[in-house]
Amino acid sequence: MTDTMAIDSFQWVASLADLEQGKTHQVTVGDREILLCHTAQGVFAVDNLCTHAAAKMCDGKLKGNKILCPLHGAAFDVRDGSALTRPATLPLGTFPVQIDGDDILLAVSGA
Ligand code: FES
């Protein structure tokens, strides 16, 4: 029962074919903007708003496993959301991702 509920909470958000490695893609789930980041280690999902001053991370650059904020340049690790450089100190929210064939599925609680 618990496993079924966990699987049901994942929802389709994009096709893997539309997200080349090294690229990002913004999606909206409920009222949350989420940024998909395709790195050599897989696809990760983080909040699209920087924790420093709410810049849109979709306007930043993905470099390896790091996403750089477009406004003041803080770097975050997309794998766990951790803030790697100032001025950001708080992590980005992250979301579980499943890949099923060409489908990218996200679990977003409360959405
Ligand atoms: S808004 Fe992102 S580092 Fe300032």
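Helices (H or I, at least four residues) and strands (E, at least two) are DSSP runs, numbered from the N terminus. The model is predicted: local features need pLDDT of at least 70, side-chain atom pairs count only at pLDDT 80 or more, and totals for chains, interfaces and linings use all residues. Residues are numbered from 1 along each chain as its sequence is written, and side-chain values use heavy atoms, with hydrogens and water left out.

**Figure 1. Order of the secondary structure elements in the chain.** The C-alpha atoms occupy a box of roughly 45 × 25 × 20 Å along the principal axes.

Figure 2. S15 belongs to strand β1, which spans residues 10-15. With a relative accessibility of 17%, S15 counts as buried (under 20% relative accessible area; exposed is over 50% and partly exposed is in between; 1.4 Å probe, protein chains only). Neighbours within four places in sequence aside, S15 is in contact (heavy atoms within 4.5 Å) with D102 and I104. Of the 111 residues of the chain, 37% count as buried.

Figure 3. Strand β2, residues 24-29, contains Q26. The relative accessible area of Q26 is 31%, so this residue is partly exposed. Q26 touches E33, I34, L35, N48 and C58, when residues up to four places away in sequence are not counted. From Q26 to K66, the C-alpha to C-alpha distance is 16 Å, and the two residues are 40 residues apart in sequence.
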